Amino acid sequence: MTHQVRAVVARGKGAPVSLETIIVPDPGPGEALVKVEACGVCHTDLHYREGGINDDFPFLLGHEAAGVVEAVGEGVTDVAPGDFVILNWRAVCGNCRACLRGRPWYCFNTHNAGQKMTLLDGTELSPALGIGAFAEKTLVAAGQCTKVDRSASAAAVGLLGCGVMAGIGAAINTGNVGRGDTVAVIGCGGVGDAAIAGSNLAGAARIIAVDIDDNKLETAKKLGATHTVNSRDTDAVEAIRELTGGFGADVVIEAVGRPETYKQAFYARDLAGTVVLVGVPTPEMKLELPLLDVFGRGGALKSSWYGDCLPSRDFPMLVDLYLQGRLDLDAFVTETIALDAVEKAFERMHGGDVLRSVVVF
């Protein structure tokens, strides 16, 4: 059996997306069919549309999603029809060298559904990050589904599927932010603000938000920043040092992904401090640092992959914190939109006034 559903498709590099009817097959072994309730519009979807990921057009966009399992294939035991789930793009395999060493958040062999969703003419679609959730229904590997409390808002908790988890995890999992630490976050978009929220959850004593947009800095304060620095007007490194007794922050999280801001992060940390890169650079970018400074400043330079999260561990915990009122995921939902408004949401990204537009079905 197959299902005909409406979905957002990117047919060519840089071309506006289109709303089309696609065909979604019933789940095979190890797969799950999910009725999508909400899906955030992430910068990664725009990168796919622009050809910045690869050239496997046409793409079925959307990946920050939550919904209800409608059917499962043979051998699936972790989720069942009727379960409310958050989708993730790193379904751990359990068998690779990272998983076997007890570090499944680094899984080197994550997997997706084996069957392909298609256009009506049979053209195979490439689902964004193996999910493709700007669709009324999508087919994923069952391991990409994490069951959470049904009482949570799909629009809010679906964002844990990518950007919000990346930021929170960069602080808690990768940066190991602890009670009393000083933290600086450079770049206050959705991921950076989530890193601020994560640092607040972890008990950081001082959280310094750095950006070039005053509106973004105001939002950062609402999510837990104790101090703000507009680096358009002020030297970010000097400002962070001034706010930390002249020493620099214990943890600096770079949520931009540019050499200039990474250098700021490197020099704004305390001796033996930690730099976490969660912003995604482009292939042509190069970084040059004096090797003596790398040695002399000590500490750790880390990259955060998906917030080093383990969905089965982290998603239910964060949803519980949200339901307890301790993690304001609703604050990340700037607007809810219809499926046919994704292209307009891409345009709004450039204005800097949106954390997340969320498609609600």
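Cysteine 162 counts as buried, at 7% relative accessibility (buried means under 20% relative accessible area, exposed over 50%, and partly exposed in between, with a 1.4 Å probe and protein chains only). The model described here is predicted, so local features need pLDDT of at least 70 and side-chain atom pairs count only at pLDDT 80 or more, while totals for chains, interfaces and linings use all residues. Residues are numbered from 1 along each chain as its sequence is written, and side-chain values use heavy atoms, with hydrogens and water left out.

A search of the whole structure for disulfides (pairs of cysteine sulfur atoms within 2.5 Å) finds zero. Cysteine 96 is in no disulfide, and the nearest cysteine sulfur, that of cysteine 99, is 3.7 Å away. Cysteine 96 is buried, with a relative accessible area of 11%. Cysteine 162 is likewise in no disulfide; here the nearest cysteine sulfur belongs to cysteine 42, 4.2 Å away.

Alanine 66 lies in strand β5 (residues 64–72); helices (H or I, at least four residues) and strands (E, at least two) are DSSP runs, numbered from the N terminus. At 1% relative accessibility, alanine 66 is buried. Leaving aside residues up to four places away in sequence, its contacts include Val36, Phe84, Ile86, Ala154 and Gly158, where contact means heavy atoms within 4.5 Å. Glutamine 144 sits in the loop between β9 (137–141) and β10 (145–147). Glutamine 144 is buried too, with a relative accessible area of 0%, and among the residues it touches, not counting those up to four places away in sequence, are Ile86, Trp89, His111 and Leu129.

Turning to the helices, the axes of α4 (residues 163–174) and α10 (residues 311–323) come within 12 Å and cross at roughly 105 degrees. Axes are lines fitted to C-alpha atoms, for helices over the stretch in contact, and angles run from 0 to 180 degrees between N-to-C directions. Helices α4 and α10 are therefore roughly perpendicular to each other (65 to 115 degrees; under 35 counts as roughly parallel, over 145 as roughly antiparallel and the rest as oblique). In this contact, Met165, Ile168 and Asn173 of α4 meet Arg313, Asp314, Phe315 and Leu318 of α10.

Finally, just after helix α6 (residues 214–222), glycine 224 takes a positive phi of about 125 degrees.

Notes
Polar contact = N/O pair within 3.5 Å; in protein donor to acceptor, adjacent residues only side chain to side chain.
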